[in-house]
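Me: Could you walk me through this structure with a few questions and answers?

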Amino acid sequence: MRRRLPAAFSTPPLLDHEVRPRNRRRCSALLINPFYPKDPVASFGKHVLTPSLALTSIAGATPSHWEVRYWDENLLQGPPPWNPFPEVVGITVHLTFAERAYELARWYRRWGAKVILGGLHVQSCPDEAAEHADAIAIGEGTQLWPRILADVERGRLQPIYRGSYRQPYADDPRPRRNLLPRESFLTTTSVIATRGCHNRCGFCYLATDSLHMPYQMRHPEQVAAEMLDDDQPYAVFIDNNLGSRPEYLRQLCLALRPIEKIWSAAVTIDVTDDPSLVREMALAGCTGVFVGFESLNEPSLAATRKRTPPPDDYARRVRILHDHGIQVNGSFVLGFDHDRPDVFERTVRWVEEQRLECATFHILTPYPGTPLFRQLESEGRLLHRDWNRYDTAHVVFQPRHMSPEALQAGYAECYRRLFSHRSIWRRRPSDPSAVLPYLAMSYLYKRSNWLWSLLIRTRLTARAWRPLVEITRRRHVHFRKRLGAAAPARRAASVVTSGV
Ligand code: SF4
């Protein structure tokens, strides 16, 4: 397969340094999701599945007398707008696009906007971010944003605002999805029900030293109402692990069942400990899960301190999900200290044998502030600190049992094989009626990178995907009728309600 990366996917849009913004508007805020380069070996489609919930949540927390706009540079519509020129610019900063975020901050500050930076990278590297901002927000942004805007109005902006993840977020205002260009995403219903995770894997950003994120849950009815409100057939839960508390997930499923939407979510494979919970998920509209298997190698999993069932039980657990009509997108990390050069072949072969409908590969990446970063730094194994390449698509450390080049090539080979005609066909669902939609989705997602820049630029993303989503939804409706008739539904009375 050819790997072409159109300029629109590799280079951020140019900022006009000749322009002199004049039309300044008081009490107007612009929220920006900066451009990040795309991985040429992965699908470009994955960048327009769902919008960032962080910015629409910030927009929801904006006082009503403020005008607020939203701009995602990854939708290929050019640089962010400057006319009318905003009084405040809020930019979300992640490791891999920190440089672009700082470039945007410089541009807007030069013409007098107050620039506020927030996001995960600000949390882990506050001193670095502060150099580029009028103020930084560390912690839960929706709590801080109204305070920040009030201080701007009073002319008393502080350089640093600290929020806590400990406050209940059930009462946070609803995200303002009406700001989004709906046609630019597979679905605008990205939704969150829980925050945090019962695990604290050494490589995960949740293990960042300064991040204290206790596990929180929103009321299931609140989540269901938000999904109904957005009027889309398909929703994506962006929770780190929707299955962290099985009793909560069961109750959430009961709330989602009547609204008849389909949805997908990230879960850990131990969600299959109780197959009746998987059944509840299917009856509630779950058609796909993203499972962080991470590795098929037990010592690697032990080193990450992930609490997970043994890898030799993964196949049985995948079958439980498949038997309930739930597709599995498996996530694998490559480059652990126990990985040897055969890890690539073994992983893809397993993906094919279990007929995972999709898989996502990541090169092990030490995020600043995590135990993994400290370990590799103390062992002198970090190759550089070019954050642009800390994107899980580049090798940034010296692997234990192979060269960086071998790890890089092995990663690319995993995707090449996964996206091959042969592999797509080998992984087709066993239910013949599911094969055609699967093939259509696979070819659009995995083999149409040449088409994605056109679809995204011309805002045809939703239209290209919508027929496939509708076919999936209809199939699911039939499936759940059969599933519901197969055995009496578990009574709501058996649901544990504590802690919600
Ligand atoms: S299970 Fe997933 S979300 Fe939870 S800590 Fe591990 S990698 Fe992070």
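Me: In which sense do strand S1 and strand S3 pair?
Reply: This is a predicted model, where local features need pLDDT of at least 70, side-chain atom pairs count only at pLDDT 80 or more, and totals for chains, interfaces and linings use all residues. Residues are numbered from 1 along each chain as its sequence is written. Strands (E, at least two residues) and helices (H or I, at least four) are DSSP runs, numbered from the N terminus, and two strands pair if DSSP finds at least two bridges between them. S1 (residues 24-33) and S3 (residues 85-92) share six bridges, and their sense is parallel.

Me: Which are the edge strands of the open sheet?
Reply: The six strands follow the order S2-S1-S3-S4-S5-S6, with parallel pairing. An edge strand pairs on one side only, and here the edge strands are S2 (67-72) and S6 (160-162).

Me: At what angle to S1 does helix H2 run?
Reply: Angles run from 0 to 180 degrees between N-to-C directions, and axes are lines fitted to C-alpha atoms, for helices over the stretch in contact. H2 (residues 53-60) lies across S1, S2 and S3, and its angle to S1 is about 155°.

Me: How are H9 and H18 oriented to each other?
Reply: H9 (residues 275-283) and H18 (residues 461-486) pack at about 140°, with axes 9 Å apart. Angles under 35 degrees count as roughly parallel, over 145 as roughly antiparallel, 65 to 115 as roughly perpendicular and the rest as oblique. Therefore H9 and H18 are oblique.

How values were computed:
Contact = placed C-beta atoms within 7 Å.
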